[in-house]
Amino acid sequence: MINKINKKCILFCRVSSREQEETGYSLPAQESYLKSYADRNSLTIKKTFKISESASGKKARVEFNQMLAYAKKHSINVIVCEKVDRLTRNQKDAVTIDEWVKEDVFHEVHFVKNTFILNKESKASDKFVWNIHVSQAQFNIENLSEEVKKGQKEKIAEGWYPSQSPVGYRSAFSGKKKIIE
């Protein structure tokens, strides 16, 4: 239910890493996709927020909070993002979005690829889908962290040095293994 008077929106684009940005899942591609959606739905884009960092990172949290502050300051009622895990991957930010949505009957978050809109009057099924997506995104982050730690432990057990060399040392390879000298 978009307010017919205020069809202003914010685009929120995020990639999780520089690697993602450089390998095709780019911020420009995401922005173009969201602009097309906004055009099709007669939304006026007032600002685009673009982040290249994990949703749990400090920069992403700062940008997320700046985006909401901008929406409040400029009476923006619609946030458009590609999918739930581009907006948030943690419960804290999900609660913040829930609170923003409930503040005003005209506040909406459009999840373009997830094909649903979250607003104050969303049906229980859409709220359920929102919560599932947030939980799935949080699980993916936590599971990835576990897998990285498991891989690092295995490399250490095999004699590899799994990170950057400490000050005063340099990285070298002994066969296929990264060691420090």
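Reader: How many helices and strands does the secondary structure of the protein come to?

Author: The model is predicted, and its secondary structure comes to 6 helices and 7 strands. Read along the sequence, they follow the pattern β-α-α-β-α-β-α-α-β-β-α-β-β.

Reader: How do strands of a sheet pair?

Author: They pair through backbone hydrogen bonds, and the sense is either parallel or antiparallel. In this protein, an open sheet of 5 strands has the order β2-β1-β3-β4-β5, and its pairing is mixed. The edge strands are β2, residues 44-52, and β5, residues 116-119; each of these pairs on one side only. From one strand to the next, the twist averages 20 degrees.

Reader: In which sense do strand β1 and strand β3 pair, parallel or antiparallel?

Author: Strand β1 (residues 8-15) and strand β3 (residues 78-81) pair in the parallel sense, over 4 bridges.

Reader: Now the helices. What span does helix α5 reach from its first C-alpha to its last?

Author: The idea is to set the span against the value expected at 1.5 Å a residue. Helix α5, residues 91-103, has 13 residues and reaches 18 Å, close to the expected 18 Å.

Reader: Which residues of α5 are buried?

Author: A residue counts as buried under 20% relative accessible area and as exposed over 50%. In α5 the buried residues are Asp 93, Ala 94, Ile 97, Trp 100 and Val 101. They are on the same side of α5, because they cover an arc of only 120 degrees around the axis. The face turned away from that buried side carries the exposed residues Lys 92 and Lys 102.

Reader: Which residue caps the N-terminal end of α5?

Author: Asn 90 does: one of its side-chain oxygens lies 3.2 Å from the backbone nitrogen of Lys 92.

Reader: Can we try the steps again on α2? Which of its residues are buried?

Author: Begin with the span. Helix α2 (residues 27-40) has 14 residues and reaches 20 Å from its first C-alpha to its last, close to the 20 Å expected. Its buried residues are Leu 27, Gln 30, Glu 31, Leu 34, Tyr 37 and Ala 38. The arc they cover around the axis is only 125 degrees, so they sit on the same side of α2. On the face turned away from the buried side are the exposed residues Pro 28, Asp 39 and Arg 40.

Reader: What is found at the start of α2, and what just after it?

Author: At the start, a side-chain oxygen of Ser 26 reaches to within 3.1 Å of the backbone nitrogen of Ala 29. Just after α2, Ser 42 takes a positive phi of about 55 degrees.

Reader: Where does helix α6 lie?

Author: Helix α6 (residues 124-157) lies across β4 (108-111) and β5. Its direction is at about 100 degrees to that of β5.

Reader: Is Arg 86 buried or exposed?

Author: Arg 86, which has its place in helix α4 (residues 84-87), has a relative accessible area of 2%, so it counts as buried. Next, look at what its side chain reaches. The backbone oxygen of Arg 14 is at 2.9 Å from the side chain of Arg 86. The side chain of Arg 86 also makes a polar contact with the side chain of Asp 85, at 3.1 Å.

Reader: And Thr 115, buried or exposed?

Author: Thr 115 lies in the loop between β4 and β5. Its relative accessibility is 66%, and therefore Thr 115 counts as exposed. Thr 115 and Lys 83 are 32 residues apart in sequence and 8.4 Å apart in space, C-alpha to C-alpha.

Reader: What percentage of the residues of the whole protein count as buried?

Author: Of its 181 residues, 36% count as buried. As for contacts between residues at least 6 apart in sequence, 60% join residues at least 24 apart.

Notes
Residues numbered from 1 in each chain as written. Predicted model: local features only at pLDDT ≥ 70, side-chain atom pairs only at ≥ 80, totals over all residues. Heavy atoms only, no water. Pairing = 2+ DSSP bridges. Helix = DSSP H or I, 4+ residues; strand = E, 2+ residues; numbered from the N terminus. Axes fitted to C-alpha atoms, helices over the stretch in contact; angles between N-to-C directions. Contact = heavy atoms within 4.5 Å. Expected span 1.5 Å × (residues − 1). Buried < 20%, exposed > 50% of the residue type's maximum accessible area, 1.4 Å probe, protein only. Arc of directions from axis to C-beta. Polar contact = N/O pair within 3.5 Å; in protein donor to acceptor, adjacent residues only side chain to side chain.
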